[in-house]
Amino acid sequence: MTLNNKQRQYLKGLAHSLKPVVLLGQHGLTEGVLAEIDLALNFHELIKVKVAAEDREVKTLIMDAIVRETGAVKVQTIGHILTLYRPSEQKKITLPRA
């Protein structure tokens with residue numbers, strides 16, 4: 001799934017007031033963390049994940065792995081916060097048309 005600029009801007013606006021749902025700790029990206037992100041995406045559709053990695057390259061690799069493993073779309077990245085969107089079966093967010 002890909003988002004156009006209008007849809008991405010809309011999701012950024014919705015995500016502005018959200019707090020991170022999942023926080024990656026010292027153990028990094030584990031199966032449990034991926035399962036938690038998957039559950040949160042199924043329930044909320046739009047979530048924020050905080051990746052606490054000191055090295056920029058490691059942080060980028062972790063964020064790319066999260067996007068790849070969950071099948072979600074990266075809406076934006078600001079600092080250590082990754083915003084993800086994945087539509088669920090019960091559509092909660094209606095995206096604007098292209």
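One definition before we click on anything: buried means under 20% relative accessible area, exposed means over 50%, and partly exposed is in between (1.4 Å probe, protein chains only). What you have on screen is a predicted model, in which local features need pLDDT of at least 70 and side-chain atom pairs count only at pLDDT 80 or more, while totals for chains, interfaces and linings use all residues. Residues are numbered from 1 along each chain as its sequence is written, and side-chain values use heavy atoms, with hydrogens and water left out.

**Stop 1: the whole chain.** Show everything as a cartoon. You'll find 3 helices and 4 strands; helices (H or I, at least four residues) and strands (E, at least two) are DSSP runs, numbered from the N terminus. Follow the chain from that end and the elements go α-β-α-β-α-β-β. The C-alpha trace spans about 40 × 25 × 25 Å along its principal axes. Of the 98 residues, 38% are buried.

Stop 2: Strands count as paired if DSSP finds at least two bridges between them. Look for Ile78, which stands opposite Ile81 in S4. There are 2 residues between the strands of this hairpin, and Gly79 takes a positive phi near 60°.

Stop 3: S2 and S4 run antiparallel, joined by 5 bridges. Pick Val49 and you'll see its bridge partner in S4, Leu82. Is S4 largely enclosed or open? It is largely enclosed by the rest of the structure, because 4 of its 5 residues are buried.

**Stop 4: the largest core.** Show the side chains of Leu24, Ile37, Ile47, Val49, Val51, Ile66 and Leu84. These have the most contacts inside the largest nonpolar core, which has 16 residues. Such a core is a set of buried Ala, Val, Leu, Ile, Met, Phe, Trp, Tyr and Cys residues joined through side-chain atoms within 4.5 Å. At least two of its residues come from each of S1 (22-24), H2 (31-44), S2 (46-51), H3 (56-70) and S4 (81-85). Which element gives the most? That's H2, with 4 residues.

Zoom in on Leu24. Leaving out residues up to four places away in sequence, Leu24 touches Leu29, Val33, Val49, Lys50, Val51, Ala52, Ile62 and Ile66; contact here means heavy atoms within 4.5 Å.

**Stop 5: the salt bridges.** There are 2 salt bridges to find, each a side-chain nitrogen of Lys or Arg within 4 Å of a carboxyl oxygen of Asp or Glu. Start with Arg86 and Asp38, whose closest N and O atoms are 2.7 Å apart. Arg86 sits in the segment after S4 and Asp38 in helix H2, so this pair ties together parts that are 48 residues apart in sequence. Arg86 counts as buried, at 13% relative accessibility, while Asp38 counts as partly exposed, at 30%.

For the other one, select Glu69 and Arg68, whose side chains meet at 3.9 Å, N to O. Are they buried or exposed? Both Glu69 and Arg68 are exposed.
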